[in-house]
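Please keep the sequence and the structure in view while reading.

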Amino acid sequence: MTLLEAKNISVYLGDHLIVKDVSLKIQKGELIGIIGSNGTGKTTLLKSLARLLPFKSGDIELSGHPLKDITHKALSQSLSYMAQGDTIHWPLKVEKVVALGRLPHLSAWQQLSQQDAAAIQQSMALAEIDHLSGRTVTKLSGGEKRLVMLARAIAVQSNILLADEPVSGLDPNHQIQVMQLLRKMAEDGRGVAVVLHDLSLAARYCHKLYLLNEGKILVSGTPKEVLTSKNLETAYGITAKYGQGKEGFYVVPWGRVQKKEKV
Amino acid sequence: MTQLLKQTPQKKERALIPVLLFVLGITCLCSLAIGSAKFPLFETLDQLFKRNFSQAVLILWEIRFPRTLLGILVGATLGLAGAAMQGLLRNPLASPGVLGVSGGASFGAVLVMYTGLAKAFPLALPLGGMMGALLAIILIYIFAGMNSSVQTLILAGVAVNSFSVAATSLALNLSADPHAAIEIIFWQMGSLANRSFDHVMMALPIMLTGWVLIFWDARALRALTLGEETASTLGFHMKMVKLRLVLGTMLSVGAAVSVTGSIGFIGLVVPHILRPFVGNDPSKLLGVSAIAGAILLLWADLAVRLLSTGVELKIGVLTSMIGAPFFLMLIYKMKKDMV
């Protein structure tokens, strides 16, 4: 079942065409990875999917309905977005930041219900940040902040989750924890899309990958179909080592491809 | 014990509004009781309820009541608008004047004084101020555009404010009547003295409209803690949120400056003092800043009454004299926190 679908969208930032004629589907039960080198339009694409940036051509549909026709409230309940970076302007307590994820479910003057409190507690447990309860968020480390932001995004309990570099700044243990959690959330019936730079994690945990190159989708498919040496050379200018373990295929970026001097 | 420690800030938060309201109540009684004319407050209040209009009753009803009421309204507006602007801009150094409407209101009132209209009928002064504030709002939106970012609005506000200051200086420069020039200078210093119920009734509806617009978006201010983009994915139409908050601030502050002149620092200082008591939550800060703004302005007005001997000490001078060192202390503390 398709939860969110972009059909041939093009997105401009100012006068620059950043995303060119991209089509993408987020299906129920799938964790998809959007990968590509710096400046290829991954974040711009994700923002368009979250209706944060307008697209010039093509269309985006949420469960079959044009995204532009969905109300702010309805969209915020069905789609949760975790931004790149850890913008937190005021020194709130961790649980108060996670509680912001319940705002889409509250009417103007409504207070948090027991159901909301349970959702907050559950999200903190899933992101394994229970022990940070009572701490001031601005005084946490970069990795801890990232986990708080993830818990905030999970607390929305939406059926679509878009996360921009959710594992940046995390140690390997927490990177694996977050990727396992995102995959489990997808397999529990949600559609999850993440922007990733770590190809090993992308290969290991994503059901499907979209490899962007200069704003266009170079290739999409299973990690094994996408992460070929030819595609990695074209998109990143790198070589990689491959292996096949019991639990699947893995890839390790290895070296840079030497550019041929023009004569 | 851990539970108790966790609950303490919540209890502090819950107790804050009743405590502030109690202090406001006591301050109001002081504001009604203290002044150059001495009379027993409760007896005079009793006479007022019995409609026994003695001289003391007339002073209480015609002078002290409007002055106190205006102190509450203007102080609340400044506190509320300060908290709203700091929340919207996510900047603890923002103040209600940041949008530049105060300058417009000030110039409107000064023009009325310059042309002599103020002497023709007393309400010309606040009316002129409101017209000036309205003109400033229109100019800011014409230059910045309806869909502009808050930063663009502030820049347009700075430009309109600078022009208003220049035009005010021109009026002073060209003023043939030295008394009018002095009157203009004194008015700009801000005061609650000699205001009537007409001033209150004139400013009240506009201020209330501004308050409603600001309180409407209390939740959005909390969401803005995570930045504009994330806030809009939490169900808030950010363009409308910004429009309501900016317009609400412009209307309420424009009306306040029109009736009292410029009163600085209350909108900057009050949210700062209260932020730790509400767990730094920008939405909870609105209501308490409004009450505390009213208290602080009434205290300043009481100080003005008690300290004035012969020459009236202007309230705007006093708030700035206390507010400016506080502002410096704030910058020093921020610098220390950053190290």
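Of the 263 residues of chain A, 43% count as buried, a residue being buried if 20 or more other C-beta atoms, placed from the backbone, lie within 10 Å of its own. The model is predicted: local features need pLDDT of at least 70 and side-chain atom pairs pLDDT 80 or more, while totals for chains, interfaces and linings use all residues. Residues are numbered from 1 along each chain as its sequence is written, and chains are lettered from A and ligands numbered from 1 in the order in which they are written.

**Overall form**
- Chain A contains nine helices and 12 strands, which are DSSP runs numbered from the N terminus (helices: H or I, at least four residues; strands: E, at least two).
- The C-alpha atoms of chain A fill a box of roughly 70 × 40 × 35 Å along the principal axes.

**The sheet**
- Six strands of chain A form an open sheet of mixed pairing, in the order 6-7-8-3-9-10; two strands pair if DSSP finds at least two bridges between them.
- Its edge strands, each pairing on one side only, are strand 6 (79-82) and strand 10 (216-221) of chain A.
- Strand 3 (residues 31-36) and strand 8 (residues 191-195) of chain A run parallel and are joined by four bridges.
- Ile32(A) has Ala193(A) in strand 8 as its bridge partner.

**Arg102(A)**
- Arg102(A) lies in the loop between helix 3 (94-99) and helix 4 (114-126) of chain A.
- Arg102(A) is buried because 22 other C-beta atoms lie within 10 Å.

Notes:
A residue is buried if 20 or more other C-beta atoms lie within 10 Å of its own, exposed if 12 or fewer, and partly exposed in between; C-beta atoms are placed from the backbone.
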